[in-house]
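Below is a short report on packing in a two-chain model. The structure comes first, then the notes.

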Amino acid sequence: MLRAVMKLFGHDDKPSGKIAKDRLRIVLIHDRANISPEIVNHIKDDIIKVISHYMDINQHDMEISLSDDENSVALLANIPVKRIKPQIMSSRNMHR
Amino acid sequence: MSEVIVITSGKGGVGKTTTTANLGVGLAKRGNKVVLIDTDTGLRNLDLLLGLENRIMYDLVDVVTGRVPYKKALVRHKKYETLFLLPTSQIRDKNSINGQQLIDVCNEMRGKFDYILIDCPAGIEQGFKTAIAAADYAIVVTMPEVAAVRDADKIIGELNRADKSHIKLIVNRIRSHMVDAGDMMDMEDINDILAIDCIGQVPDDELVVISTNRGDPVISNKKSLAGQAYNNIVGRICGEQIPFLNFRKKTLFDKIKQILHV
């Protein structure tokens, strides 16, 4: 009920305590992994190089981040694919 | 056999020294023989919080350099007679003492006191490294604010690297009305993030400032919620099972909600 009233007055944002917790989770993953942003960028460039052999990808929308996965750190890459390169498909097929 | 405990936090201003003073008084009031060692060389304040600032003759630097035996530098508290302070120097800096020297002093005191509490300076430099060197375990003090929690995590990492993996957490200066409004993380949130055993949560309490003004730690004030919280932490350090305090006072709104079952 209170929430609904708050919404009426335009207070429907996430509570700031929750925001603090979420931000801390992310920043601590990076702190604990001890990886500099520069290295993450190198990894990103290398991934682009490899994937580009096989697919056209949207480099600008690509996201790479560290994430917490059950007590271990996971590297998450979100790579929007435009299309699979046809010559690769056919050359692969030829080798078979 | 003494227990040597370092009280640390990384960030300044979260209440390391206040916590050290209160736990010291609390442990002494239960009949333990306690010594508090201030290692915040150059920025000493533990003497002030205990009301002992006018009684210091020698300090930790005098002891580690062999100028005086530790007994000569100890200041006995008048009100709590089993409580002693080993103050540090206000003139020298953190590089005047190293970890091995503090280990030696603590080893000399071991067996003669029940608890040796070491008040650690802020930061992760030499002063921190010195302070943790002699400790059997660490109490990390933090606050429900992003900077304090991040620094606590860093300190926990440093403690683990130094093979001090026995760590307990105190969440200090919790404002319950902000927690209720969703605008402050609570002990559980911080516990989730840091994954360290919590030994206590202490509310933000104006009586802490007042007792600091007077130089008599708030744990002696039975009316203070922070004092009660510290007293519970002392009990837990002594091995008692004590449930965590609920800081919330029931407001009129709560009572109405209760009646309406919402």
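## Surroundings of Leu86(B)

Leaving out neighbours within four places in sequence, Leu86(B) is in contact with Val35(B), Leu36(B), Ile37(B), Leu60(B), Tyr70(B), Ala73(B) and Leu74(B) (contact: C-beta atoms, placed from the backbone, within 7 Å). Leu86(B) lies in strand β4 (residues 83-86) of chain B; strands are DSSP runs of E with at least two residues, helices runs of H or I with at least four, numbered from the N terminus. Leu86(B) is buried, with 24 other C-beta atoms within 10 Å (20 or more count as buried, 12 or fewer as exposed, and in between as partly exposed).

## Basis

This is a predicted model, in which local features need pLDDT of at least 70 and side-chain atom pairs count only at pLDDT 80 or more, while totals for chains, interfaces and linings use all residues. Residues are numbered from 1 along each chain as its sequence is written, with chains lettered from A and ligands numbered from 1 in the order in which they are written.

## Helices α7(B) and α9(B)

Helix α7 (residues 146-161) of chain B packs against helix α9 (residues 187-194) of chain B at an angle of about 40 degrees, with the axes 11 Å apart. The angle makes α7(B) oblique to α9(B) (under 35 degrees is roughly parallel, over 145 roughly antiparallel, 65 to 115 roughly perpendicular, and the rest oblique). Val149(B), Ala152(B), Asp153(B) and Ile156(B) of α7(B) meet Ile190(B), Ile193(B) and Leu194(B) of α9(B).

## Chain interface

In chain A, 14 residues are in contact with 14 residues of chain B.

Terms used. Two residues are in contact if their C-beta atoms, placed from the backbone, lie within 7 Å. Axes are lines fitted to C-alpha atoms, for helices over the stretch in contact, and angles run from 0 to 180 degrees between N-to-C directions.
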